Amino acid sequence: MRWLLLKDLQILRRSPLIVALLIAYPVALGVLIGFALSGDDSRPRVAFLNEIPEDEQFQIGGDEEGIDRGLARNQLCERVQCVDVETRAEAEQMVEDGDVLAALILPEDLLDQLESLASLNPQEPMVEVLVNEDDPVKASLVDDRIQALITEANLILSQRISDEAANYLDLLIDGGQFDLPLIADFDVLGLVKSGAILNAVSEELPRDGDARAALQSVIRFARLAQENLDFALPLLGAVAEPISVDKTVVSGDSSALDTFAIAVAATVTLMFVTVLLVAGSLALEREENAFARITRGAVGPSGLLAEKVLLGIVASFAVTLLLLVALTALVSIEWQRAPLIALAILAAGGAFASFGAAIGGSAKEVRASSLLAFMVSLPIAFLSLVPSGTVSGGVFKAIEIIRALFPFDPALDAMQGALDAAGPDILVPLLHCAAILVVYGVLARLALRRFA
Amino acid sequence: MIEAHEIGKKFGDRAALRSVSFEAATGELLAVIGPNGAGKTTLLSILAGIREADSGTLTVPGKVGWVPQQASLYRRLTVAENLRLFAHLEQVVDVDVAVERMLDQTALGERRDDQVGTLSGGNQQRVNIAIGLLSAPTVLLLDEPSTGLDPRQRERLWEFVLDLAGAGTTVIYTTHHVLEAERYGSRVLVLADGERLFDGTAAELHAAVSDSQTRDFERAFVSFLRERGH
């Protein structure tokens with residue numbers, strides 16, 4: 001078997017295009033993913049045109065902390081990466097060129113419109129959004145982002161208004177000084193102090209007199225108003241943010257998004273390198289008419305199969321390590337977990353190699369095996385990335401069954417578990433990979449019976 | 001001596017060999033001829049151990065070298081690398097000696113470091129035969145060895161094979177060039193539809209046809225098949 005392995009490596013060495021692809025593909029993939037993950041700002045870029053005059057400020061009631069053009073910008077630009085532009089034409093050009101996902105324009109009279117909300121003639125404040133919906137996925141993304149942005153802005157405003165209303169209620173209950181700009185400051189007595197004064201006055205009135213009875217009913221009303229306004233305070237807070245989220249994970253051990261992306265890159269690399277190499281290499285034995293000559297000797301068909309799986313494991317181990325090393329320059333990989341990473345690559349490589357051997361044994365020709373490997377592997381990889389909840393329950397069950405029959409899903413789980421302590425438990429996917437190696441190994445051996 | 005007795009082989013419902021028996025002595029050149037689908041390659045693959053017979057017994061003394069019809073070589077490996085690889089797979093004791101011996105016998109020493117894919121068809125066939133001889137077999141099986149060779153290459157090939165037989169190697173070969181059976185075969189085995197129709201010398205086959213006056217062996221062979229319903 002050693003000589004067969006050396007022979008395959010020698011043939012590989014003399015196929016510079018294949019070797020170049022085997023090295024360049026994972027490095028390129030790693031660098032691309034690394035750049036995508038290590039970008040300093042992953043928020044979408046949005047052109048921002050602020051037409052609100054610099055000295056204008058929007059205040060609610062007597063609150064000193066108003067909303068000015070700077071605050072509006074800061075609040076809106078928390079969710080997106082704002083690219084400031086000076087004119088509407090500049091904003092339109094950037095959207096058209098695809099430099100930004102969208103343009104957000106705050107009109108000159110936005111603060112006036114906001115201020116009108118507290119008047120008897122309220123107007124609906126409007127902001128303008130320019131988008132370039134050149135494909136449906138981008139259009140959907142823009143809609144989601146803009147909707148989230150406006151929801152965020154509305155939430156900020158309603159919180160401000162609720163806070164201000166709560167201040168008014170406090171003033172009504174406890175009393176204090178009320179500042180009316182440009183007119184005057186005046187004292188508000190408050191329900192609590194009013195109740196105390198009324199109680200004192202009531203004590204001085206004759207017990208059986210009509211005046212005292214009437215005053216007592218006023219005192220009861222004041223107490224009732226104070227108590228109910230106390231209840232109104234938390235209600236205002238609830239109105240400002242009626243629904244909050246308490247997230248509980250009931251299923252799945254998800255690793256960080258970065259780690260998941262690295263695991264996907266590593267698994268896709270493993271899949272293509274191993275399946276194509278093993279399927280092609282096995283089919284080549286038949287294409288070169290060497291299969292019968294090799295297997296009539298000491299090696300035998302099972303030995304040849306084992307050699308091909310070993311070739312796949314060796315190649316996939318080297319290439320996947322190369323990918324991870326290339327990624328290390330750009331993203332953080334927990335190399336203290338190297339033994340687990342190595343174990344995951346070996347197990348996944350074995351499963352993919354066995355799968356590739358079954359394809360190579362069935363196809364018999366290098367071209368047919370390469371085509372078959374692509375046609376089978378890609379849909380399985382896509383199916384393995386379909387998240388639950390995005391399709392109906394029945395369809396997802398069917399997808400889960402299909403996933404379990406192929407190596408991509410357990411390989412991805414093994415890589416995630418190896419790369420991240422918060423990822424899935426690694427033992428089950430390793431055993432799953434081992435089972436797949438055995439099952440596809442048997443299928444490949446059966447296919448070789450028709451090989452000669 | 002190699003002995004085959006009542007060898008039978010079926011592929012599904014189709015009988016590829018029907019109770020074929022023959023013998024071949026040491027140093028003998030046995031030509032197996034017959035129309036397409038006669039069972040020639042199936043017979044050789046059973047003798048080589050590639051396939052198993054469904055029935056019958058086979059006695060083969062010593063090692064068997066097998067040279068398949070199409071060159072079984074790795075085109076991206078050199079001549080020497082191909083020889084070395086198969087010597088290891090055949091578990092030859094002294095690989096280097098065996099490789100040098102075959103390079104010498106096939107006169108391919110100068111091309112030893114050339115990739116096989118760059119060789120002519122004739123030279124590829126020489127490497128193909130050399131691999132079959134690596135283990136110094138007592139029986140050599142050649143499946144249509146001269147296919148694709150020009151007359152000069154064919155002549156060199158048969159000189160080489162005759163030398164082997166002269167040195168004591170039993171050679172069993174199939175061919176579509178029936179004149180090669182007449183010229184080089186010490187005996188001729190005729191198969192048709194998996195059945196043995198004749199086992200004897202070329203002269204005996206010539207004599208077995210009704211029009212025995214014809215001097216052309218190929219015409220005599222065709223007449224022989226026609227007279228027996230093939």
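**Sheet in chain A**

I started with the open sheet of chain A in this predicted model. I read off four strands in the order S4-S1-S5-S6, with mixed pairing. I then looked for the edges. They are S4 (81–84) and S6 (128–131) of chain A, each pairing on one side only.

S1 (residues 45–50) and S5 (residues 102–106) of chain A run parallel and share five bridges. I picked out Ala47(A), whose bridge partner in S5(A) is Ala103(A). I also asked what helix H4 (residues 88–97) of chain A touches in the sheet. I found contacts with S1, S4, S5 and S6 of chain A. The direction of H4(A) makes about 160° with that of S5(A).

**Contact between the chains**

I looked up the interface. I noted 17 residues of chain A in contact with 19 residues of chain B. On the chain A side, helix H1 (2–13) and helix H10 (291–295) each supply at least two residues. H1(A) gives the most, with four residues. By class, I recorded eight nonpolar, four polar and five charged residues on this side of chain A.

**Helix H4 of chain B**

I moved to H4 of chain B, residues 121–133, and tested its length. At 1.5 Å a residue, its 13 residues should span 18 Å. The end C-alpha atoms are 19 Å apart, which agrees.

Is H4(B) enclosed or open? I found 10 of its 13 residues buried, so H4(B) is largely enclosed by the rest of the structure. The cut-off I used for buried is 20 or more other C-beta atoms within 10 Å. The buried residues run from Gln124(B) through Leu133(B), and include Arg126(B), Asn128(B) and Gly132(B). I then listed what covers them. The cover includes S5, helix H2 (79–89), helix H3 (95–105) and strand S6 (139–143) of chain B.

**Lys63 of chain B**

I located Lys63(B) in the loop between strand S4 (55–59) and strand S5 (64–67) of chain B. I counted 14 other C-beta atoms within 10 Å of Lys63(B), so this residue is partly exposed. Leaving out residues up to four places away in sequence, Lys63(B) touches Ser135(B), Pro137(B) and Thr138(B). I also took one distance from Lys63(B) to Leu140(B). The two are 77 residues apart in sequence, yet 8.7 Å apart in space, C-alpha to C-alpha.

Methods. Residues are numbered from 1 along each chain as its sequence is written. Chains are lettered from A and ligands numbered from 1 in the order in which they are written. This is a predicted model: local features need pLDDT of at least 70, side-chain atom pairs count only at pLDDT 80 or more; totals for chains, interfaces and linings use all residues. Two residues are in contact if their C-beta atoms, placed from the backbone, lie within 7 Å. Ala, Val, Leu, Ile, Met, Phe, Trp, Tyr, Cys and Pro count as nonpolar, Asp, Glu, Lys and Arg as charged, and the others, Gly among them, as polar. A residue is buried if 20 or more other C-beta atoms lie within 10 Å of its own, exposed if 12 or fewer, and partly exposed in between; C-beta atoms are placed from the backbone. The expected span of a helix is 1.5 Å times one less than its number of residues. Two strands pair if DSSP finds at least two bridges between them. Axes are lines fitted to C-alpha atoms, for helices over the stretch in contact, and angles run from 0 to 180 degrees between N-to-C directions.
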